[in-house]
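Colleague: I would like to learn how to read a model feature by feature, with the general idea before each case. Could we go through it together?

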Amino acid sequence: MDFNFSEEILAIKKNVQDFITNVVDPEAQTIEEENELPEHILEMSKEMGLFGISIPEEYGGLGLSMLDKCLIYEELGKTHNGYTTVIGAHTGIGTVGIVEMGTEEQKKKYLPDMASGARLGAFALTEPSAGSHAYNLKTRAVRKGDKYILNGSKIFITNAPIADIFTVMAVTDPDKGPKGITSFIVEKDFPGFKLGKIEQKMGLRGSKVAELIFEDLEVPVENVLGGEGQGYVNALKILANGRAGLAARNLGSAQKLLDLCMAYAQERVQFGKPLIEIQAIQHMLAEMAVDIETLRWFTYRVAWRVDQKQNVIKDAAMVKLYGSEVYNRVADKAVQIHGGMGYIREFEVERYYRDARITKIYEGTSEIQKNIIAAQLKKEYA
């Protein structure tokens, strides 16, 4: 495994760092209060190519490897998580399906606009009765001539209010279980597509999730992604691929919290001395640092294995599980170290604490990750 990054990716990383420091961070409190991402931030992100990091160069993207993407995700995790989620949902589960499983015609049609950020992507799997239990889908797709007609709904779809292209899972043969699920590329302007309720969330302000409603939604046959009956397999591949990226975003957020805690511990005086001189605080900081460093190398290792086309089903589940646990542990300690200040909304620590909680739920709950890990262990030890 080689974790020596090229000069090119290090230059991109530096540009992202500067952008976060000078443009995104100063707007973080505004994003939190208004629950909107400023248009100039989105436009600058597009100009930097951040919406195209997962898309090959021949379709207008940056064509970064998974390991290189994790380096960028790590930097993005150090700023407002709502902004990070909009980028991550598009470049991860929103586009990976088309990149990895799309036909050449599908790639030429959709990826250039998605790379530029002109059209944003989203992933539509979750339903009221099918979230972690993915193959319990109720959305149906019936072929009629040169179209499929979809009926059903999806919930908690990240980027739904701003997305243009959706990777949608629907049942084409209810008698085949998981093998009866097909994935489709759906455009928001297709007849029968409707945006439902936009949810009010605990955190991730600025990143919107909403319900999708399909009422006789017409999808051309050529928009089947990866072949009929391959939807469940596609979903597993898309989610597994994205889990290293999510771990990297968690890593960046945890590192940012350690940075904030170190600064605060050195300037805040209690009992006549800086917090950093108090052993209880030292121990919390040490535990945070060990967790973060362990997560960093675990994340890089899984990303490297993705790039080597190795089977990462177990490792991806493990790093997603561990990354969310680390972020939540670090956020909890960060609030404790900051004391009352850590509980006040105008300070960054409180925001990260709220945003950390969703990482144990979205893109597969912690419990589902444990199920996946156990299933893989069972196979290995059979």
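Colleague: What does E277 count as at 48% relative accessibility?

Modeller: The general idea is a classification by relative accessible area, in which buried means under 20%, exposed over 50% and partly exposed in between, with a 1.4 Å probe and protein chains only. At 48%, E277 therefore counts as partly exposed. This is a predicted model, in which local features need pLDDT of at least 70 and side-chain atom pairs count only at pLDDT 80 or more, while totals for chains, interfaces and linings use all residues. Residues are numbered from 1 along each chain as its sequence is written, and side-chain values use heavy atoms, with hydrogens and water left out.

Colleague: Which residues is F19 in contact with, leaving aside its neighbours within four places in sequence?

Modeller: Contact means heavy atoms within 4.5 Å. On that basis F19 touches V24, I41, M44, S45, M48, L50 and Y83, once its neighbours within four places in sequence are set aside. F19 belongs to helix α1 (residues 7-24), and because its relative accessibility is 4%, it counts as buried. A11 also has its place in helix α1, but with 41% relative accessible area A11 is partly exposed.

Colleague: Why is helix α5 described as largely enclosed by the rest of the structure?

Modeller: Helix α5 (residues 81-91) has 11 of its 11 residues buried, so the description follows from that count. Among its buried residues are Y83, V86, I87 and H90.

Colleague: At what angle do helix α10 and helix α12 pack?

Modeller: Two packed helices are described by the angle between their axes and the distance between the axes. Each axis is a line fitted to C-alpha atoms, for helices over the stretch in contact, and the angle runs from 0 to 180 degrees between N-to-C directions. Here α10 (residues 313-338) and α12 (residues 366-380) pack at about 145°, with their axes 9 Å apart. The contact involves, among others, I313, A317 and L321 of α10 and I372, I373 and L377 of α12. Its residues divide into seven nonpolar, four polar and five charged, where Ala, Val, Leu, Ile, Met, Phe, Trp, Tyr, Cys and Pro count as nonpolar, Asp, Glu, Lys and Arg as charged, and the others, Gly among them, as polar.

Colleague: How many aromatic pairs does the structure hold, and why is the pair of F166 and F193 tilted?

Modeller: Rings of Phe, Tyr and Trp (its six-membered ring) pair if their centres lie within 6.5 Å, and planes under 30 degrees apart count as stacked, over 60 as edge-to-face and the rest as tilted. The structure holds nine such pairs. The planes of F166 and F193 meet at 40° with ring centres 5.1 Å apart, so this pair is tilted. The pair links distant parts of the chain, 27 residues apart, with F166 in strand β4 (residues 165-171) and F193 in strand β6 (residues 193-198). Both F166 and F193 are buried. Elsewhere, F3, F5, W297 and Y300 form one aromatic cluster.

Colleague: Which residues have a positive phi although they are not glycines?

Modeller: One of them is F156, whose phi is about 55° and which is found in strand β3 (residues 147-158). Another is N159, with a phi of about 75°, in the loop between β3 and β4. N159 is buried because its relative accessible area is 1%.

How values were computed. Helix = DSSP H or I, 4+ residues; strand = E, 2+ residues; numbered from the N terminus.
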